[in-house]
Amino acid sequence: MEEILRSERIASVRSDIRGAVYQEALKMMASGIEVLRLNTGNPPAFGFGMPESIRRALLENLDQTVAYCDLKGMPAARKAVCAYETKKGLPNLSPDHIFIGNGVSELAGMLCTALFCAGDEVLLPCPNYSLWSNCVILADAKPVYYRCDESAGWYPDPDDMRAKITPRTKAILVINPNNPTGAVYPKEVLEKIVALAREYGLILISDEIYDRLVMDGKEHVSTASLAPDLFCVTLNGLSKSHSVCGFRCGWMCFSGAVEKGEDVLDGVVQLAAMRLCSNALTQVVIPAALADEETPRAMVVPVGRLYEQREAAASVLKKIDGVDFVKNSGAFYMFPRLSKEKFHIADDRRFARDLLLAKHILVVPGSGFDYPEPDHFRLVLLPEASVLKKAMEDLGDFLDGYHQ
Ligand code: PLP
């Protein structure tokens, strides 16, 4: 039999978060070496337990979870999402325009497949969470990256965005709070993005999965709340705010000028019907989780784990010669820069591998986030403060004298 090859369609699909360096880490772990895995945003792996609100809701509603449910999601779950997102300012939202899915990941795929045609261009942030470039590519569309400006707190640069708009541009994606930079965008920046979408008739897609993990007194503003006259899609879920990423529980809301995109909604219904329904076990907890605002809040206030862990990491990181970073105000990531002059890093995957082999710390290189320069990497700030401090000290040790 001839060799069987994968489809060409997936040739450029990539996930460095679980890529070659990760495979190397798995081998090390299999041989008994302990590796600090700072590659995935997986809160339960770092001791963030299941909130009691969710455990209770799950047990109380277990019997409701065995049948296929509505392809858009259970009515009670969509009603709770509708109330939550309406409170966030999403205009003319209705449970009918909400889809519950197996995580934002599944919904991103459904949205891109339903929305994009071959050759459509989609403006994605740089750096970018690779789920989105992968979904755009699998829909035969083309990712076009706009600059998020490190010297301006990693905020999107609307001038660069404007320069990249062509007659083929169909949508702008915003990830706010951002992965991998941890930036939380101010309203004024979002207003400029909305104005561009309005001027060029573009669809706005906003991935807001970290919206409840915001620190330093900042307030999260939903992109769609500023655009009642545009076709907007907002994605969110429970993976991060309630540390239940294994549940695979997300939602997607169409708001604003929904009437312009009824056909797209029908397309999403087609795709949702194909998989019958989203996992019902996780849908029954949505009302209780959204009522439980204390769980995410407790993580981000001073003394909360995410706040203290960020402080611990930053306190050591800032002492490392040749490392610069913008402290994150949201999510649990930072995207530090390694001095070109000092380390001469030409291959950031090699850097990540060298760090792994020397210090048993696994990070994702910046190129894994479609970043064009090989001088960044992403830190996951989920381990306890003492563990992170030690890891940052080890990083400092490793970088002392390191160059390529
Ligand atoms: N969107 C962003 C920006 C993420 O960082 C992640 C996971 O890390 C996801 C989506 C995936 O979310 P879910 O677990 O709901 O699939």
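Visitor: Where does A331 lie?
Guide: A331 is in the loop between β10 (323-324) and β11 (333-334). Helices here are DSSP runs of H or I with at least four residues, and strands are E runs of at least two, numbered from the N terminus. Keep in mind that this is a predicted model, where local features need pLDDT of at least 70 and side-chain atom pairs count only at pLDDT 80 or more, while totals for chains, interfaces and linings use all residues. Residues are numbered from 1 along each chain as its sequence is written, and side-chain values use heavy atoms, with hydrogens and water left out.

Visitor: Why is A331 called buried?
Guide: Buried means under 20% relative accessible area, exposed means over 50%, and partly exposed is in between, using a 1.4 Å probe and protein chains only. A331 has 1%, so it counts as buried. Its phi is near 55 degrees, a positive value in a residue other than glycine.

Visitor: What about H344, buried or exposed, or in between?
Guide: H344 comes out at 46% relative accessibility, so partly exposed is the label. This residue is in the loop between α13 (340-343) and α14 (348-359). Phi of H344 is also positive, near 50 degrees, and again the residue is not glycine.

Visitor: How do you know that H376 is buried?
Guide: Its relative accessibility is 1%, so the buried label applies. H376 belongs to the loop between β14 and β15 (377-380).

Visitor: What makes the pairing of H376 with E150 a polar contact?
Guide: A polar contact is a pair of N or O atoms within 3.5 Å; inside the protein one must be able to donate a hydrogen and the other to accept it, and sequence neighbours count only if both atoms are side-chain atoms. The side chains of H376 and E150 meet at 3.0 Å, and the pair counts as a polar contact. H376 and D375 also have a side-chain to side-chain polar contact, at 2.8 Å.

Visitor: Which residues are closest to the ligand?
Guide: S105, D207, Y210, S239 and R248 are the closest of the 14 residues that surround the ligand. To be near, a residue needs a heavy atom within 4 Å. For V104, a backbone N or O atom lies 2.7 Å from a ligand oxygen. Taken alone the ligand exposes 400 Å², and the protein buries 94% of that; such areas come from the Shrake-Rupley method with a 1.4 Å probe, and for residues only the protein chains shown count as cover.

Visitor: Which helix gives the most to the shell around the ligand?
Guide: Helix α4 (residues 103-115) does, with 3 residues.

Visitor: Which residues have the most contacts inside the largest nonpolar core?
Guide: They are F116, W132, I205, F254, F351 and L399, in a core of 82 residues. A nonpolar core is a set of buried Ala, Val, Leu, Ile, Met, Phe, Trp, Tyr and Cys residues joined through side-chain atoms within 4.5 Å. Its largest share, 7 residues, comes from α4.

Visitor: What kind of peptide bond joins C126 and P127?
Guide: A cis one, with omega about 0 degrees. P127 is in the loop between β3 (121-126) and α5 (130-138). The bond from N179 to P180 is cis as well, with omega near 20 degrees.
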